[in-house]
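Good morning, and thank you for coming. Please look at the structure on the screen while I describe a few of its contacts.

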Amino acid sequence: FKGDPQKGEEMLKALEERPDLMAGAFVPMNVFIFCSIYEHGQSSFPPTMTNCYKTFVSQILGRESGKENATCRINSDLSGLPKNLTDLLSGLAQIAFKGLTANPPSFIFTESSILEIFPTLSTTGITD
């Protein structure tokens, strides 16, 4: 934590009190998420890892939306999202769901499957 090593110590202590979260601390991305949550004004962690992910996503989306609209406030339940972000996330969720429910599951998406969800997307530089 920039200029505040004590805050890092406080975060570690908070994690040690949460074995459910500490179990995921071996994953570098989770540690980044924990640091991000704690650094942005939280003095404790959300009740579940899922809520940690939601808080992290809302922080990122809020920061990015704030660049365009200073009054944008996105909550951890993702309410307050601008329509363009809601549409984007909904489309990405549709693509992921389609891939995960395929038999066998597919994690590689073709240009046509992406354009099916985002028909106005420019295909410049995209190849199947």
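I begin with Lys98, which is partly exposed at 43% relative accessibility; here buried means under 20% relative accessible area, exposed over 50%, and partly exposed in between, with a 1.4 Å probe and protein chains only. This is a predicted model, in which local features need pLDDT of at least 70 and side-chain atom pairs count only at pLDDT 80 or more, while totals for chains, interfaces and linings use all residues. Residues are numbered from 1 along each chain as its sequence is written, and side-chain values use heavy atoms, without hydrogens and water.

Lys98 forms a salt bridge with Glu116, at 3.0 Å from N to O; the term denotes a side-chain nitrogen of Lys or Arg within 4 Å of a carboxyl oxygen of Asp or Glu. Glu116 belongs to helix H6 (residues 111-117) and Lys98 to helix H5 (residues 83-101), so the pair ties together parts 18 residues apart in sequence. Helices are DSSP runs (H or I, at least four residues), numbered from the N terminus. Glu116 itself is exposed, at 52%.

How many salt bridges does a search of the whole structure find? It finds two, and the other joins Arg18 and Asp20 at 2.8 Å, N to O. Arg18 is buried at 18% relative accessibility, whereas Asp20 is partly exposed at 44%.

Finally, the largest nonpolar core has 12 residues, including Phe34, Phe45 and Phe56. Such a core is a set of buried Ala, Val, Leu, Ile, Met, Phe, Trp, Tyr and Cys residues joined through side-chain atoms within 4.5 Å. H3 gives the largest share of this core, four residues.

Methods
Helix = DSSP H or I, 4+ residues; strand = E, 2+ residues; numbered from the N terminus.
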